[in-house]
Amino acid sequence: MGDEKFKLRSIPIGTGATGTRTERDSMGPIEVPAEHYWGAQTQRSLIHFSIGEDLMPTEVHRAYGQLKKAAALVNAEDGRLDPVLASAIAAAADEVASGELDTEFPLHLWQTGSGTQSNMNVNEVIANRANQFLGGELGTRSPVHPNDHVNMAQSSNDSFPTVMHVATLVAVGERTLPRLDALAEAVRAKAEEWVEVVKIGRTHLQDATPLTVGQEWSGWAAQLRDAHARLERSLEAIHGIAAGGTAVGTGINAPEGFAGAVAARLAELTGLPLKTAPNKFAAQASMDGIVEVSAALRGVAVALMKVAEDMRWLATGPRAGLRELRLPANEPGSSIMPGKVNPTQQEAVIMVCTQVIGNDSIVAAAGSQGHFELNTMRPVAIGNVLHSARILADACENLRVHSVEGTELDRETIAGYVERSLVLVTALAPHVGYDKAAAIAHKADEEGSTLREAALALGVDEAEYDRVMDPTTMIGNPRRDLGLD
């Protein structure tokens, strides 16, 4: 293969052809669109799995590009693959990984549970593009063959689980975690800004004792940070990859040492902390690591929904609601009610969180279907995990930029609630007894008077009342709670 005719050429992407060409696989010939790089098995999948509009996520075939390059380099270094072919495969795989060939991956999510059609889609595209680099003709499967060369020492059964892990690590690590962190920081910044603004707390949706706005927001920030930490820890479960296990985990057709070598090379190419899974039978028959990450994404959704719901409720109004928060007015809220503004960012986030919780249920169900040596629910699992990672990342970003950072307080309303609160009598109970404190609260409520008026009418010493009933003495140490002292 070192002959000059197989020298790698620099050829722009594109076949320059129209109509169809004949491609072949083990089932015989089939016509494929001549302008595309995919081959026979991809075309058959388009015919037999035309279900809905859900396509295999872009992240999957891009991760496949990295895996195919890693495998080609390892196979060439060990003398199993001609270096010229390996170079062509690597060059084509780079284009796949970078997204330059995204339009060549049209397959639906709903396909064989092992992801075989997507693996072969990648194999065929890389083979045809590599042959183009080498001066060959598309569709001839020569000199680069999609199975013999691009898929060397691999199976869909170990490669698809591998790219699931790579794609998830990239999606969560590069998008979800950073955007969740930025949101938590923005919430924390508001907590520090409002650390000393006293407000009435609420439990059971009813008035409770005071705290500060900063303390309340610090709770949200802590929830988001804890969810971030749990999600980050969950990624450790998918550092191990199945590559090298081939068909059932025994490594048939993969030489000794291939599993470790391809994991090391893939880690080098991606910058991810990848390692070969110690037990390939578990790696291929289960999806436990993906299930764990999905559960952590659900945990983010649960925390995020709490924040969005609280913001939405605290912003109700402007005349007939709680009206403690003033959310940014991003767009008109009604097609019929002029001037109406709605908490649209919060509503979008809540819908996202609901979707993620549903996605996790699907992933958990898919994870339970690992029958014998292979789990065959992989496409639906990775589709839902990547969907969750993507929409959570975007929801965090939008909530931060379009709502949290521009949120303001209605200080007059907040102060009014504190002034009129009946639950402040809690601070008086240790001094006058629970029963008398309750009587004061009921009297004030029934007569529409202030607590002070009711307490003095029932014989509480005026000086003692004024000393005890200062709301700023009922909130603990908010600056210490936020770590500011």
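A salt bridge is a side-chain nitrogen of Lys or Arg within 4 Å of a carboxyl oxygen of Asp or Glu. This tour visits several such pairs in a predicted model; a search of the whole structure finds 29 of them.

**First stop: helix α6.** Select R188 and E192, whose side chains meet in a salt bridge with an N to O distance of 2.9 Å. Both residues belong to helix α6 and stand four residues apart, about one turn of the helix. Which of the two is buried? R188 is buried, because its relative accessible area is 15% and buried means under 20%. E192, at 35% relative accessibility, counts as partly exposed.

**Second stop: from helix α6 to helix α7.** Select E185 and R225, where a salt bridge of 2.5 Å (N to O) joins the side chains. E185 lies in helix α6 (residues 156-193) and R225 in helix α7 (residues 213-234), so the pair ties together parts that are 40 residues apart in sequence. E185 is partly exposed at 39%, and R225 is partly exposed at 35%.

R452 is in helix α16 (residues 451-457) and D466 in helix α17 (residues 462-468), 14 residues apart, and the pair links distant parts of the chain. To see a network, select K199, R202, E216 and E324, which are joined by salt bridges that share partners.

**Last stop: a charged patch.** Finally, select D181, E232, E236, D288 and E292, which form a negative surface patch. Of these, E292 sits in helix α10 (residues 288-314) and is partly exposed, with a relative accessible area of 41%.

Technical notes:
Residues are numbered from 1 along each chain as its sequence is written. This is a predicted model: local features need pLDDT of at least 70, side-chain atom pairs count only at pLDDT 80 or more; totals for chains, interfaces and linings use all residues. Side-chain values use heavy atoms; hydrogens and water are left out. Patches are made of residues with over 30% relative accessible area and no salt bridge: like charges are joined within 9 Å, nonpolar side chains (Val, Leu, Ile, Met, Phe, Trp, Tyr) within 5 Å. Accessible areas come from the Shrake-Rupley method with a 1.4 Å probe; for residues, only the protein chains shown count as cover. Lys and Arg count as positive and Asp and Glu as negative; His and the chain ends are not counted. The place of a charge is taken as NZ of Lys, CZ of Arg, CG of Asp or CD of Glu. Helices (H or I, at least four residues) and strands (E, at least two) are DSSP runs, numbered from the N terminus. Buried means under 20% relative accessible area, exposed over 50%, partly exposed in between (1.4 Å probe, protein chains only).
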